[in-house]
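Morning, everyone. I have one structure to walk through today, so please have a look at it before I start.

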Amino acid sequence: MVWITWRQHRAALIGMAILLGACALALGITGLRMQAARASLVRSGCGLFSAPITSGCGSLQSAYFRAGYPLTSNISLLIIVLSIIPGVVGIFVGAPLLARELEAGTYRFAWTQATSRTRWVVAKLLLVGGTLTAAGGAFGALAGWWLLAADPEVFASRWQAGQFGLTAVTFAAWTLLAFALGAFAGALIRRTVPAMAATAASVAALAGATAWKLSNLLISVGPVIHRASLLTVTPFNFSPDAVSMPGGGMVIGPASSRVLRTWFTGPHGQTYATYSSSMNPLWNLKEPSQHAWLASHHLTLWIAYQPAGRFWIFQSIEGAAGLLLAVLLGAAAVFVVRRKAG
Amino acid sequence: MNAVEAAGLSKRFRRTWALRDCTLTVPAGHVVALVGPNGAGKTTLLNLMVGLTAPTTGSVTVLGGEQAGSAAARSAIAFVAQDAPLYGNLSVADTLHLARNLNLRWDQRRATGRLAELGIPLNRKVGKLSGGQQAQLALTLAVARLPELIILDEPLARLDPLARHDFMASLMAAVAEDGLSVLFSSHVVAELERVADYLIVLSRGQMQMSGTVDDLIAGHCVLTGPAAEADIYSERLPVVHIRRAGVQAHLLVRMNGHAEPVPPGWTAHPVDLEELVLAYLREPGASALPGPARLPGPAAQSDTGVAMLS
């Protein structure tokens, strides 16, 4: 069955290998160049954006930005493009997997041989799905590494919906899920092009729902709650994982953590939302006086955050959910094939 | 052993019945032609036999009681579906490799030998072969599986007359060599007697006639006489079909096991197979199925069954 499956789906798998390989090459080259440029920045004691202005930091900084060009010119767009890849796999490998057989009538040959059709379809799903998952894992790891290389200080937030999907775990899970969705749609619809369209629509809906809500819902579960202090923030230590304050300040959690929300408590345990009107006097003050004002009113600032160490736990949860859904869809495709009659 | 046995077999697709209450027995060792017009239910019946379709009611078993589509049935039956669907983007050699991997029994030397005889190159893509070559390749794949029964759905439909002849010759050679049973469907009625020795006629989803060609021919005759008297005899005799040609009429008569006395002024001729099949197909209401057979055991001791025959 290995030979058969490989021989029948060789073209689709090679096509995917070319697509992933081309993207991986671009990411790999720019990533390595950025890493090297960054290493020389660090050696010279230069920051990425800021001083010391002397001693040629400027040229090193521009060398760093050139190293990632043109991929770094619009990282948000790049993240979207990379996040589409699992969907492409589902559309071009998953959907035709069974639909083409059913459409062309070759299933009448395949299912009347001594080997059972169940074995035939399970082998296809496991071998092709397994290969794609492995490739997706490798590619996701590369993409995650690249994002850190491109953006080590500023926008580097693995917790954001786009970046959260670009790791070995989630990218592999999404690749398998999209493939299984395509295979199931193909078995059900029995025609290649409509199955591809249905796969595109359902993967887009699922990925959209995850990026928009589900991911954030997941990582808001059971945060650590801790006292915090206000920081004045320069534009350069802005972090998407922090929570910004009305006055332009910001509350930052421990390194690489994700701050979910902040609030104040008074001396008698009453709570005040950060944006409540009773806090307005605070936001009109400059930073040193803010601390004094808070102390005089016996107010404490609290944050709820997810520590860095939980990142891979949440990754595993999303990965496991994707895997489970993919297995269910695969089983449903097998069921449809077994039941298909006439 | 019976190659195929069906009892009360029916198949409904949504609201239309493709096959209705089909009961049949095909003994092994025959070349069986399943004949009927387009839409008669031939493909449905064959798909039921190979397990590609599940029956709505009734049951079908093959090769002496194996469930149609079961592992044992699949490994002993080779099926060539209509238009011989194969993977167009695979080479002939890869197609052989594929079939070998999907089967436990496989005679590679026989497959390559046949293809060499037919002049089908192994490195050619299947999609680039002619229709006749694709049909021959499909037959080669079926024969190389060393089956007990080959089922072919409209194997001749796509072929030109020469390719038809070659295809049937190859099939008959395989039958002679291996002694296997063959069941093929066809809407082409001509030249059937040269290949088939058993006939099933299906019309509008129902069985019309089934039996060995010899029995069917011996069981019918054509009476030719004055057209004016045709109606008298058509009521007295089991007439399947009346063909009027001017002053003369030809009555195709079924003889229920005993020769009818030829009326004065009429002559009797033996019927040929094509004429017989066409007559039945023109009269979908007529049927000549094996009547209820006498059961062994005490329950069947009386001869009342004979009365039911007439």
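A definition to begin with: two strands count as paired if DSSP finds at least two bridges between them. With that in hand, in chain B the residue B:Val32 has B:Tyr198, in strand 9, as its bridge partner. Please keep in mind that this is a predicted model.

Let me stay with that pair of strands. Strand 3, residues 31-35, and strand 9, residues 198-203, both of chain B, run parallel and share 4 bridges. Another residue facing across is B:Leu34, which stands opposite B:Ile200 in strand 9 of chain B.

Both strands belong to an open sheet of 6 strands in chain B, with the order 6-7-8-3-9-10 and mixed pairing. At the edges are strand 6, residues 77-80, and strand 10, residues 206-212, of chain B, and each of these pairs on one side only. Averaged over the sheet and with direction ignored, neighbouring strands are turned by 15° against each other.

Now the helices on this sheet. Helix 1 of chain B, residues 42-50, packs on the sheet and touches strands 3, 6, 7, 8 and 9 of chain B. The direction of helix 1 of chain B makes about 145° with that of strand 7 of chain B. Helix 9 of chain B, residues 273-282, lies across strand 3, strand 9 and strand 10 of chain B. Against strand 9 of chain B, helix 9 of chain B runs at about 20°.

Back to strand 9, then. How many of the residues of strand 9 of chain B are buried? The count is 6 of the 6, so strand 9 of chain B is largely enclosed by the rest of the structure. By face, B:Tyr198, B:Ile200 and B:Leu202 are buried on one side, and B:Leu199, B:Val201 and B:Ser203 are buried on the other.

On to the neighbour, strand 10. Strand 9 and strand 10 of chain B pair in the antiparallel sense, over 6 bridges. In that pairing, B:Val201 stands opposite B:Met209 in strand 10 of chain B.

Strand 12, residues 239-245, and strand 13, residues 248-254, of chain B are antiparallel, with 6 bridges. B:Ile242 has B:Leu251 in strand 13 of chain B as its bridge partner. Between strand 12 and strand 13 of chain B there are 2 residues, and B:Gly246 in the turn has a positive phi of about 65°.

For the overall layout, chain B is divided into domain 1, residues 2-213, and domain 2, residues 219-271. Their C-alpha centres are 37 Å apart.

Next, chain A. Chain A is divided into domain 1, made of 2-220 + 311-339, and domain 2, 224-309. The C-alpha centres of these two domains of chain A are separated by 37 Å.

The stretch 311-339 is helix 11 of chain A. At 1.5 Å a residue, the 29 residues of helix 11 of chain A should span 42 Å, and the end C-alpha atoms are 42 Å apart, which agrees. Its buried residues include A:Phe314, A:Glu318, A:Gly322, A:Ala326, A:Leu329 and A:Val337. What do the buried residues of helix 11 of chain A pack against? They pack against helix 3, helix 5, helix 7 and helix 8 of chain A.

One loop residue in chain A is also of interest here. A:Leu71 is found in the loop between helix 2 and helix 3 of chain A. Is A:Leu71 buried or exposed? A:Leu71 is buried, because 20 other C-beta atoms lie within 10 Å, and the cut-off for buried is 20 or more. Leaving aside residues up to four places away in sequence, A:Leu71 touches A:Ala26, A:Thr30 and A:Leu78.

Last, the contact between the chains. In total, 18 residues of chain A are in contact with 21 residues of chain B. On the chain A side, helix 1, residues 2-43, and helix 4, residues 107-110, each supply at least two residues. Helix 1 of chain A gives the largest share, 4 residues. By class, this side of chain A has 8 nonpolar, 8 polar and 2 charged residues.

Conventions
Residues are numbered from 1 along each chain as its sequence is written. Chains are lettered from A and ligands numbered from 1 in the order in which they are written. This is a predicted model: local features need pLDDT of at least 70, side-chain atom pairs count only at pLDDT 80 or more; totals for chains, interfaces and linings use all residues. Domain bounds come from an automatic or database domain assignment. Two residues are in contact if their C-beta atoms, placed from the backbone, lie within 7 Å. Ala, Val, Leu, Ile, Met, Phe, Trp, Tyr, Cys and Pro count as nonpolar, Asp, Glu, Lys and Arg as charged, and the others, Gly among them, as polar. Axes are lines fitted to C-alpha atoms, for helices over the stretch in contact, and angles run from 0 to 180 degrees between N-to-C directions. The expected span of a helix is 1.5 Å times one less than its number of residues. A residue is buried if 20 or more other C-beta atoms lie within 10 Å of its own, exposed if 12 or fewer, and partly exposed in between; C-beta atoms are placed from the backbone.
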